[in-house]
Amino acid sequence: MKLFEYQAKETFRKNGIPTPESVLITSENELGAASEITGYPLVLKSQLLMGGRGKAGLIRFVQDRAQAERECGELFASHFHVTKILVEQAVDIKNEIYLSITVDPVKAKYMIIACAEGGVEIETLAAETPEKIIREYVDPDNGLHPYQVRNVAFQLGLTGDVLKKFSLVLSNLYKAFLANDAELIEINPLFITGKDDVIAGDGKLSIDDNSGFRQKTYEITRDYFDTDAEYESALEGIPYLQFDGDISLMCAGAGLTTTVYDLINYEGGTVANYLEFGGPNYKKAVRAMELCLKNDSKVILVVTFGTIARADVMAEGIVDAIKRLKPDRPIVTCIRGTNEEEANRILKDAGLVPLYDTEEAVRKAVSIAAGGEA
Amino acid sequence: MSIFINETTKVLVQGITGKEGRYWTEHMIGCGTNVVAGVTPGKEGQTVEGLDVYHSVRRAVAQEKVDASMLFVPPRFTKDAVFEALDGGIKKIVTIADGIPLHDAVQIRKAALLEGAQVIGGNTSGVISPGKAMMGFFPYWIERVYKPGRIGVMTRSGSLTNEVTAMVVKAGFGVSSLIGIGGDPVPGTRFAEMLPQYEQDSETDAVVIIGELGGSMEEECARMIRDGLFTKPLVAFLGGRTAPEGKRMGHAGAIVSGGKGSVKDKIKAIESVGGKVAQRPRFVGDHLKELLGK
């Protein structure tokens, strides 16, 4: 789960990583009280998960009260559905550093990534100036040694007081990475101020979903998602992505669903949504179809080739969903795996025309979407 | 011969008294697997499918010769179970758990590397040498997928494996050994690390890898071929060619970011060393025929 900047910064502070003074507000009315704490100039930072907030105009640097009120109003009214703004003290910045920790799946170690030129996305740095990226690998059994912290600091060209403060930030970032079962923890930029303080200017924290049982749980709210459907499916635990094409995918298995998505594109069709109801969700056909029907798609395409999920159970689920939801658009099925003969009988009895071959099913769906016969 | 397991491999089942453990132990035996004993803490003295159950791996290996361990253990206890198997001196471990915490997976792989052991999984159906033995939960009774033959298969996926392997069989081939590497971001064993065993296996003529966007496992295979460590024909099918960048489509291990891990890069890497990449599942068989001169 990706957290908002304000949540990442709360974690930073809890772990001894300094952040600028800030107050989270949910309406313009709270701006006055917030600015009392931060003073002017200040920065209004829209709390959205998308990257490139600066470029999109979602972060505003303001000098005074009048400007703050105007810009704050604009942000809350923008089409990005801003519901929270972090009001943050403007910092006197001398220098910006990139710093993050993630996992190296080949070495089976944790990887610290740093760069003396912060403020730019790491992907851009990696593509344009890979030689400037500093990497330090941490053995999960041995932990982060002080010499490794010094290695990073010296390569960044830090000295004196700044080196000491940076070292503390990195050590604490590593502690926070472990304590939160993070996939990624990132400070970009990490400010070096005019007074040689080292402060987290931004924060990213992505918590491994598989560690939910031993982590603080964050309530899933609408503002983590781009669309209502993605939010609803997340509550249901069904992987779902929203697109704007004609064909709703209701498939089982991540790899197979992705392949069906590719095949539709090859055949000149377009995808309305990616939905995967395999594995533990294979009995959730009704809920899955309900989500598909919320789209303006022209056809629903069901493709499965189950390993544990039995084909007959899947077919029963689809038939049940059709009975209950009475879909207003054709449904193309290609359900295979254990008990597939029984599955086909169930589908035929319900008046469907079961297909066996994935590509045939894809072509059928593309043809229906283009106005062909169901 | 087969790789990883065959009908002589002595398999221990950790978590054998659970619902899944019981059910799939019966099927592993049905598929020909030489299951020798089981482990469930607190259940020593019981039997499952006529096999003795022990409190711990240590107690089991004191009584039985064991070559490999199959884990039917929930994700949150998987790290503990893997370490217990390693402590028992077991060098081949398969975990099917879907949902192993990322940091646990890092420690599992690290420990396996240190011990010189192979941990397969998690988030996989396991390992199968059709007609001989399996560790995991494959629907081996579906003949148009799990037909014995001479093509090695490695995969990051479940349902897609059935889809692609059915096409391999349809083209007139069969499977020697299928290894489910799994769909997690940090699998215990990587594609490239299995290639030397396929290279050695006299019963494997070519290898099919079923990959997808994200990570670097397909590129690592290309490097093995370039370095001459794998010389048999290799055909890849890669899901997610048209996936939009930055969206988490497919398995957790399958996110593309910053232009790395894209299917385009993977195709380039594999083709540059003479491997073939099938655009559609049904083309896998065509490429195999071409490379094997059939």
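# Notebook: chains A and B, predicted model

**Chain A, first pass.** I counted secondary structure in chain A and got 12 helices and 15 strands; helices are DSSP runs of H or I with at least four residues, strands runs of E with at least two, numbered from the N terminus. This is a predicted model, so local features need pLDDT of at least 70 and side-chain atom pairs count only at pLDDT 80 or more, while totals for chains, interfaces and linings use all residues. Residues are numbered from 1 along each chain as its sequence is written, chains are lettered from A and ligands numbered from 1 in the order in which they are written, and side-chain values use heavy atoms, with hydrogens and water left out.

I got a span of about 80 × 50 × 40 Å for the C-alpha trace of chain A along its principal axes. Of its 374 residues, 56% count as buried (under 20% relative accessible area; exposed is over 50%, partly exposed in between, with a 1.4 Å probe and protein chains only). I also checked contacts, meaning heavy atoms within 4.5 Å. Among those in chain A between residues at least 6 apart in sequence, 67% join residues at least 24 apart.

**Cores.** Which residues touch the most other members of the largest nonpolar core? I found A:Leu301, B:Ile179 and B:Val208, in a core of 96 residues. The rule takes buried Ala, Val, Leu, Ile, Met, Phe, Trp, Tyr and Cys residues joined through side-chain atoms within 4.5 Å. I then listed what A:Leu301 contacts beyond four places in sequence: among them are A:Ile247, A:Leu249, A:Met250, A:Val260, A:Val332 and A:Ala365. A second, separate core has 70 residues, including A:Ala108, A:Val152, B:Ala37 and B:Val82.

**Helix α9 of chain B.** I looked at residues 283–292 and noted B:Val284, B:Gly285, B:His287 and B:Leu288 as buried. Seen down the axis of α9(B), the buried residues fall within an arc of 160 degrees, so they line one face of the helix; the arc is taken over the directions from the helix axis to the C-beta atoms. What covers them? The cover includes β10 (148–155), α5 (159–170), β12 (206–212), β13 (234–239) and β14 (276–278) of chain B. After α9(B) comes B:Gly293, with a positive phi near 65 degrees.

**The A/B interface.** Interface size is often given as the accessible area lost when the parts come together. Here I got about 4,300 Å² buried between chain B and chain A, 56% of it on carbon and sulfur atoms (1.4 Å probe, loss summed over both parts). The contact takes 55 residues from chain B and 52 residues from chain A.

I ran the salt-bridge rule next: a side-chain nitrogen of Lys or Arg within 4 Å of a carboxyl oxygen of Asp or Glu. It finds eight across the interface. I checked A:Arg214 with B:Asp104, which meet at 3.0 Å, N to O. On the chain B side, α4 (102–115), α5 and β13 each supply at least two residues that touch chain A. The largest share, nine residues, comes from α4(B).

**Salt bridges within chains.** Searching the whole structure gave me 50 salt bridges over all chains.

- I found A:Lys84 and A:Asp223 paired, with the closest N and O atoms 2.8 Å apart. A:Lys84 is in the loop between α3 (65–77) and β4 (85–89) of chain A, and A:Asp223 in the loop between β10 (204–207) and α7 (228–236) of chain A, so the pair ties together parts 139 residues apart in sequence. Buried or exposed? A:Lys84 is buried at 18% relative accessible area, and A:Asp223 is buried at 16%.
- I found A:Asp197 with A:Lys165 at 3.0 Å between the closest N and O atoms. A:Asp197 is in the loop between β8 (182–193) and β9 (198–200) of chain A and A:Lys165 in helix α6 (160–179) of chain A, so this bridge ties together parts 32 residues apart in sequence. A:Asp197 is partly exposed at 31%, as is A:Lys165 at 27%.
- In chain B I noted B:Arg150 with B:Asp205, closest N and O atoms 2.8 Å apart. B:Arg150 sits in strand β10 and B:Asp205 in the loop between α6 (191–200) and β12, 55 residues apart. B:Arg150 is partly exposed at 37%, and B:Asp205 is partly exposed at 25%.

Last entry: bridges that share partners join A:Glu5, A:Lys9, A:Lys45, A:Arg53, A:Glu88 and A:Asp202 into one network.

Note on methods:
Buried area = accessible area lost by both parts, 1.4 Å probe.
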